[in-house]
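Student: I'm new to this one, could you walk me through it?
Tutor: Gladly, have a look at it here and then ask away.
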Amino acid sequence: MSGLPDLPGSPGIPDLPGLAGRIARSLGDSLTVAELYGPVGGPIYHELTAGDTNEVRDVLALLRGTQEQVLELACGSGRLTLPLLAAGHQVTGVDTSRSLLSQLRGRLSEPSAQRLAQRLTLVEADMCALDLPQRFAAALLGTTTIGLVPPAARPGFFRTVREHLEPGGLFVLSAHTPSAEDDGPSVRPVTTPHAVNFVIDEAEPLHAQRRVAILRIPAQGGPVLLTSTVHVPSPDTLAEELQDAGFGLDEVRTARPTAGAPSELSILVARSTR
Ligand SMILES: C[S@@+](CC[C@H](N)C(=O)[O-])C[C@H]1O[C@@H](n2cnc3c(N)ncnc32)[C@H](O)[C@@H]1O
């Protein structure tokens, strides 16, 4: 795919850089380009990730004993929320994506899920500007979603999380573990019942960020390219910023691998010191 010609952009196709941009320009007007977590991307993101059990066991083990309210930041369509509810937690889930929150509501609308739904409160809001009246025993930001917070906004975001915790409250967050394989672009095919999807991951080393795109070729209809930019702060940087924001760091652990695959996740366990 890297041999694609660098064609000029077509009207309606944003000027994307890198391999994803070359694919977009080659496919031209037949392609729909959309944000990964928006109305077009949300259902596709959900389909691709709903069965992913990465970090679930670690999160459940770390939050065991916290039966009070857990604040789940960026809960999305509930990949981590449903196991938390099933483990007996009361969860307040926050996300900006109306599309993913509606997927989560749909998953809990079956009569058999009523017991779980009763323990869940959903809030459509920006977690960086959160202002809820409750204080929580624990907060969770999984799925390396800290990478979606711009670096300049992280210190304020961490203070906001601390302000939502009870004194001594726990903050569990996962981060990408840097590795030598981060340098080159990678393209990973994922087949789903009605489409083949290619996850295109490209580094922008000077900016310490990655461009992640999903090219979906459905059995019916035109191709779709979903885009997202992810910052990649190291666990050490995050640990320092957490301490500056009023957290003590209990531990940094590597998430348990799933299905024999090596883990790419670090889990930071911090505690509010105020
Ligand atoms: C990588 S997904 C993870 C979703 C879910 N935790 C999971 O494991 O499937 C990132 C989520 O962060 C949400 N998000 C991104 N920026 C956000 C913000 N500033 N405030 C709240 N949610 C945000 C997106 O809508 C998306 O649901």
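Student: Which residue in E12 stands opposite Val 172?
Tutor: That is Val 269. Before we go on, this is a predicted model, in which local features need pLDDT of at least 70 and side-chain atom pairs count only at pLDDT 80 or more, while totals for chains, interfaces and linings use all residues. Residues are numbered from 1 along each chain as its sequence is written, and side-chain values use heavy atoms, with hydrogens and water left out.
Student: How do E6 and E12 pair, parallel or antiparallel?
Tutor: E6 and strand E12 (residues 265-272) pair in the antiparallel sense over seven bridges; strands are DSSP runs of E with at least two residues, and helices are runs of H or I with at least four, both numbered from the N terminus, and pairing takes at least two DSSP bridges between two strands.
Student: And which way do E5 and E6 run?
Tutor: Strand E5 (residues 136-141) and strand E6 (residues 165-176) run parallel, joined by five bridges, and Ala 138 stands opposite Leu 170 in E6.
Student: What is 2.9 Å from a nitrogen atom of the ligand at Ala 74?
Tutor: A polar backbone atom of Ala 74 is, and a backbone N or O atom of Met 127 also lies 2.9 Å from a ligand nitrogen; a polar contact here is a pair of N or O atoms within 3.5 Å.

Methods
A polar contact is a pair of N or O atoms within 3.5 Å; within protein, one must be able to donate a hydrogen and the other to accept it, and residues adjacent in sequence count only if both atoms are side-chain atoms.
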